[in-house]
Amino acid sequence: MTTTLNKSEGKVLIKGNYAIANAAVIAGCQCYFGYPITPQSEIGEFMSGKMQELGRAYVSAESELGAINMTIGACSTGVKAMTSSSSCAISLMQEGISYACSDELPVVIVSVMRGGPGLGNIYPSQGDYEQAVIGGGNGDYRIIVLAPGTVQECVDLTYKTFYLAHKYRMPAMLLADGLLGQMMEPCLFGDYPYPEVDNSEWMLTGAKNRHRRVIRSYAPLAEDQCVFLNKLFNKYKVLEENEVMYDEYMVDDADIVVMSFGSMGRNVKSAVKACREKGLKVGAFRPLTLFPFPNRKIEELSHSAKKILVTEINMGQMLRDVRLAVNGRIPVEFLGKPVGSMIDIEDIVKKIESMIEV
Amino acid sequence: MATQVFKVPDIMIDGFKFGFCPGCDHGVAMRLVAECLDELNLQENTICASAIGCSVCIYDYINVDTIEAPHGRAIAEATGVKRAKPDKFVFTYQGDGDFASIGLAESMHAALRGEKISAICINNTNYGMTGGQLGPTTMVGQVTTTSPTGRNLEYYGYPMKIAEQFALCDGVAFSARVSLDTVPNIRKAKAAIKKAFEYQIKGLGFSFVEILSSCPTNWRMTPQKAHDRVRDEMMKVFVPGVYKDILESKQV
């Protein structure tokens, strides 16, 4: 796509990866750093042309280590900056993500999942839920993780990712998958809908007319590290209070709630519709924020529903978080698939019916 | 009337005390960096990317905005800073392990891209902070805690000549190696650092100074012996000089 898309009037038909990239440009992303990897290479390709056209910064990084650390460097000056990658290469960024948490920098990372572990393959997968939500970097930290399920949500949640990263001054990840990255859907860009966050209290600009600032993670004294981590985790508490987002569909009277995240939510909704047509009381629930996770809402659902079914294109990762929130009150079953396409609607319906029969 | 001929650079943090081992050259090197920043009036416009190892301490001594990078990633973070804010003066201060081993890809590609940043690299032929292990510049035959019988080629291969290697990168405007073993050489070192900084200000490309430094504690030597080693051994292999200067058209 040698597109000149930036702002558009009305809906456009566009691939998920381009939608993410264009939304980042509209959000005011000043610097993009990246290294190619399928299935997200279109993001870097779009950015290489667009950022130069707009006089913003683009660097073809020598590696994902380089890319994440360039993003950290750019963010330290208060600008909006991002990198994007996929699965095995997000692994390479884990060190940087841990540092960015410790540095309290609004680094935006787009992760378009492919199959794993190892090199795996380029088929759609949701096998990096844990990589995103729990993380593979060292130390106690969390990052904000948003999971779109449609191309329109790719746009809306890219805006939100930039906003939350800056509002809370911490790394935030948009977690998409190969299916979303590669599919085309109509979507609307509009304007960046959030206020600009004032970073002037902490950003590095050169110590002119003020004391110098050091952004560092080194905390040689244990007491200092305790103070810092308590502060960090208080911030996470505020996030859990205020920023949880989810999509629910006919859950109020549902005996069975089917939970999924990202693109898997599409077939789940279709399956729920099919079940309702058969007169079965089934609803769908899909977290949009994987961190902060909608623990409280799921706990509520565990009081109103009789059973929960979790469906993912992995071996059961969000499953664990759902079970923690349900805390044993009702059965939580799993329908998964290691990698490939979404689970078929008929298979989800069949699974739901089997749960009702028991 | 009395004239002040020597003073602590203004940019040094008030009341600082170097915490380096006796005889270590980090203090001299940092002071030279400070003097150059002062003389070029850069304090208010500088962002430093510090590294990991003994060099991380630079923010305890030099009073500029600083971001502390993970090991080997100072050049990447400096790249991000400079790309985001091209009007800022951006430099790194790293050890040879940080710059030329774990961070070699970041360093070399920034040099090839001609990033308009300056890198100062301390070469003390070992990993100092962790207790003197073999690094990318450990000399053939040198005993370290991980080369107990000396660096032999069969097990360890050759050390890297950093200033020469980087002079080969087309994006490099200035690449030099200096030594701090004598007062005249310290003067030359300062001139090289200043030139590197000036080349960034002029937007000429990536500028680099490798500083040969003593590490008496890990070398198990007195400060005097350590400086003798810099002169008698290191400078014979790591020969000081300007390896690239695009304004002088000097190239290897």
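Select G114(B): this residue follows α5(B) and has a positive phi, near 70°. Helices here are DSSP runs of H or I with at least four residues, strands are runs of E with at least two, and both are numbered from the N terminus. The model is predicted; local features need pLDDT of at least 70, side-chain atom pairs count only at pLDDT 80 or more, and totals for chains, interfaces and linings use all residues. Residues are numbered from 1 along each chain as its sequence is written, while chains are lettered from A and ligands numbered from 1 in the order in which they are written.

Step back into α5(B), residues 104-113, where E106(B), S107(B), M108(B), H109(B), A110(B) and A111(B) are buried. A residue is buried if 20 or more other C-beta atoms lie within 10 Å of its own, with C-beta atoms placed from the backbone.

Now display the whole of chain B, which has 10 helices and eight strands. Buried residues make up 58% of its 252 residues. Its C-alpha trace spans about 50 × 50 × 35 Å along the principal axes.

Next, select the side of chain A that touches chain B. Here 34 residues of chain A are in contact with 30 residues of chain B, contact meaning C-beta atoms, placed from the backbone, within 7 Å. The largest share of this side, eight residues, comes from α3(A).

Finally, select β9(A) and β2(B), residues 65-68, which run parallel and are joined by two bridges; at least two DSSP bridges are needed for strands to pair. Within β2(B), T66(B) is the bridge partner of V214(A).

Methods: A residue is buried if 20 or more other C-beta atoms lie within 10 Å of its own, exposed if 12 or fewer, and partly exposed in between; C-beta atoms are placed from the backbone. Two residues are in contact if their C-beta atoms, placed from the backbone, lie within 7 Å.
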